[in-house]
Amino acid sequence: MKKDLMWLTQQTGNEYTYMEELCDGRGFYMLIAPYLPSHLLPSPQTITSLNYNYLFILNDIFQQAGINKVIAINKIANGDVNEITAFLKWCRSFVLLNSQVLPPPLPSLSSASASTHPTEKTTDKKEEMKNLITSLEEELRKRLIELSAFSSRNIPSLLMERDFYFEKLSTMETLCTELYPESPSASAILSILSQDVPGFR
């Protein structure tokens, strides 16, 4: 388990000490993204709209790319160490396999450094991924601040409107029950008032 985390740290450039740190899927995404079709990788706006859950993103990319792997999203997100460990081992095998299958980049005629220093290219790619994650985090913070401001302005008025209509419905129920207990219309109204939203408690 520690060896897998050390390997993940080496691959992504981010230090991981516990399996639970991978619950949000961010480490998995940083690890696998370089080996996935670039046209399937989502934009920062798409990731933000998915509540910043990289596990859903990876699962969707796997389906589009025809990768036969279903991620146990709920279990991993809830900190199931066994599921996290199993998926990390799968990711390691996936990376190692694709590292061997993918052909090495052709040497550049205009730049000899590309073939002389392959580690620099890998480092740059990791740095780009880290910068992308940082920008996404900043975008999410802004969205949360905007949502908080919206809630603080609108929730009080929504609560007042809710209480207003609740009082009206309560008065109608009292009238139907006490003044017109034998009326078919009152019975129909009471039947409507007693209905529940499916799945709501």
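This is a predicted model: local features need pLDDT of at least 70, side-chain atom pairs count only at pLDDT 80 or more; totals for chains, interfaces and linings use all residues.

Biologist: What makes Thr 17 partly exposed?

Modeller: Buried means under 20% relative accessible area and exposed means over 50%, with partly exposed in between. Thr 17 has a relative accessible area of 45%, so it is partly exposed. By the way, the C-alpha atoms of Thr 17 and Leu 5 are 6.7 Å apart, though 12 residues separate them along the chain.

Biologist: And why does Asn 14 count as buried?

Modeller: The cut-off is under 20%. Asn 14 comes in at 15% relative accessibility, so it counts as buried. Asn 14 also sits in the loop between helix 1 (2–12) and helix 2 (26–32). Leaving aside residues up to four places away in sequence, it touches Thr 9, Arg 26, Met 30 and Lys 130.

Biologist: Which residues of helix 1 are buried?

Modeller: Asp 4, Leu 5, Trp 7, Leu 8 and Thr 12.

Biologist: How do you know that they are on the same side of helix 1?

Modeller: They cover an arc of only 160° around the axis, so they lie on the same side of helix 1. The face turned away from that buried side carries the exposed residues Lys 2, Lys 3, Met 6 and Gln 10. Just after helix 1 comes Gly 13, with a positive phi of about 85°.

Biologist: How do you know that the length of helix 4 agrees with what a helix should span?

Modeller: The expected span is 1.5 Å times one less than the number of residues. For the 12 residues of helix 4 (residues 54–65) that should be 16 Å, and the end C-alpha atoms are 16 Å apart, so the two agree. The buried residues of helix 4 include Tyr 54, Leu 55 and Phe 62. Gly 66 follows helix 4, and its phi is positive too, near 75°.

Biologist: What does the secondary structure of the whole protein come to?

Modeller: There are 9 helices and 0 strands. Of the 201 residues, 25% are buried. Take the contacts between residues at least 6 apart in sequence: 58% of them join residues at least 24 apart. As for the accessible surface, it comes to about 14,200 Å², and 57% of that belongs to carbon and sulfur atoms.

Technical notes:
Residues are numbered from 1 along each chain as its sequence is written. Side-chain values use heavy atoms; hydrogens and water are left out. Helices (H or I, at least four residues) and strands (E, at least two) are DSSP runs, numbered from the N terminus. Buried means under 20% relative accessible area, exposed over 50%, partly exposed in between (1.4 Å probe, protein chains only). Contact means heavy atoms within 4.5 Å. Accessible areas come from the Shrake-Rupley method with a 1.4 Å probe; for residues, only the protein chains shown count as cover. The arc is that of the directions from the helix axis to the C-beta atoms.
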